[in-house]
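Open the model in your viewer and follow the stops below. Each one says what to select and what is there.

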Amino acid sequence: MEATWIATAAFGLEGVVSKELTRMGFAAKGENGGARFKADFAGAMSANLWLRTADRVLLEVGCFDALSFEELFEGARALPWEQFISAHSRFPVTGNCARSQLMSIRDCQSILKKAIVERLKAHYHLSWLPEDGAVTAVTFQIHQNRVRLCLDSSGTALNRRGYRTWNGEAPLRETLAAALVDLSGWRPGRPLCDPMCGTGTLLAEAAMRMAHRAPGLTRRFDLEGWPGVPARELQRLRKEAEEAFQPELVQGIEGSDIDPQAVELARRHLAAAGFDKRVPVTVADMRDCFRNEAGGVFLTNPPYGERLSDRKTCEALYRDLGAMAARHPSWSLSAITSHPGFERCFGRRADHKRRFYNGRLECEFMTFRAKAPVRTAPSSDEA
Ligand SMILES: C[S@@+](CC[C@H](N)C(=O)[O-])C[C@H]1O[C@@H](n2cnc3c(N)ncnc32)[C@H](O)[C@@H]1O
């Protein structure tokens, strides 16, 4: 059964998610907060397994206008919930309201829950719903009096790849890291180095891409427990993803960090993601970084110096990063930071800039092209 799905994305990543979907063969359209596409359950399973930059994959059950609680109740009750929610499903309802008549999230939540319960009780001829089965979470968004009701097919957010159980000081969200890998211009076949790699998020995302490893390979999605999904087909897609994973393809990706604990975590994460010893990570000061190969990409998430006391240290670090990049004229360098003086310290104006949020921090992602680029053959890397 074909339905409308929305791959939700963080601010600034909508276009990247839309392109990913297009590469996967869906007719996708970017919109505020994500990208919309049509697919059946198998298509949604593929999206969950393979999307690198989306937060969640939602099934749109319906949209309507509501100015009162009554309209909200009736609008929700009129939708075909029984197509997706069984007599036993657990269906928590969560959401948000903005610039609308109905602004109490808690009231909207309980009215929507009541409306869906009424609909399901009537359909299943039950006086109460046990809610003791698999989860089919309902999400609502009320924006300018327009209500959008969806089901969350992902469950835990998709940035949870399933390999990371230890966090360092300031890890990058995996979905943002995947987007930065893409936007840095790096493609498998070129060397990639993160000289301040922390717990290794950028390295892991690059390695997954190089090895055709589905980011969701080792985790489950709520969709897999939904009633009426073609279980065999979903298993087949999982198996296909397992067969596509070729860790032996990974080479030329390396990282280092000055903090031995961060390096230890990066190694553990990379091993847990299936790349044991395939991505060398060493304890080193970025200032001593020297790479022999030509035509690589430095990609890094340096400290931002958010605390005033750290600002000066950071500025000195950015200056030294500029000097390190200058020693590698055939390499490009991309970095994300919230520090407004990065380019001044680095000593060059960026060739490309994009704005993203890293958590709550508004950041710029800057790319400095190689001064003496090396021509490389194009590669087709995406599964
Ligand atoms: C914002 S964190 C990177 C987080 C990383 N992207 C992750 O996902 O875990 C910045 C890292 O820069 C490292 N760092 C700071 N100064 C450094 C230096 N001079 N050389 C190498 N690493 C340095 C810190 O130890 C820290 O791990």
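Which residues point one way from β12, and which the other way? Keep in mind that this is a predicted model. Select strand β12, residues 332-337. Ser-332, Ser-334 and Ile-336 point one way. Leu-333, Ala-335 and Thr-337 point the other way. Both sets are buried. Six of the six residues of β12 are buried, so the strand is largely enclosed by the rest of the structure.

Select β11, residues 297-300. β11 and β12 pair in the parallel sense, over four bridges. Next select β14, residues 361-368. Here the pairing with β12 is antiparallel, over five bridges.

Move to helix α4, residues 105-124. At 1.5 Å a residue, its 20 residues should span 28 Å, and the end C-alpha atoms are 28 Å apart, which agrees. Color the buried residues of α4: Cys-108, Ile-111, Leu-112, Ala-115 and Ile-116. Look down the axis of α4: these buried residues fall within an arc of 130 degrees, so they line one face of the helix. Show α3 (69-77), β5 (93-98) and β6 (137-143): the buried residues of α4 pack against them. Then step past the helix to His-125, which follows α4 and has a positive phi, near 55 degrees.

Notes: Residues are numbered from 1 along each chain as its sequence is written. This is a predicted model: local features need pLDDT of at least 70, side-chain atom pairs count only at pLDDT 80 or more; totals for chains, interfaces and linings use all residues. Helices (H or I, at least four residues) and strands (E, at least two) are DSSP runs, numbered from the N terminus. The expected span of a helix is 1.5 Å times one less than its number of residues. A residue is buried if 20 or more other C-beta atoms lie within 10 Å of its own, exposed if 12 or fewer, and partly exposed in between; C-beta atoms are placed from the backbone. The arc is that of the directions from the helix axis to the C-beta atoms. Two residues are in contact if their C-beta atoms, placed from the backbone, lie within 7 Å. Two strands pair if DSSP finds at least two bridges between them.
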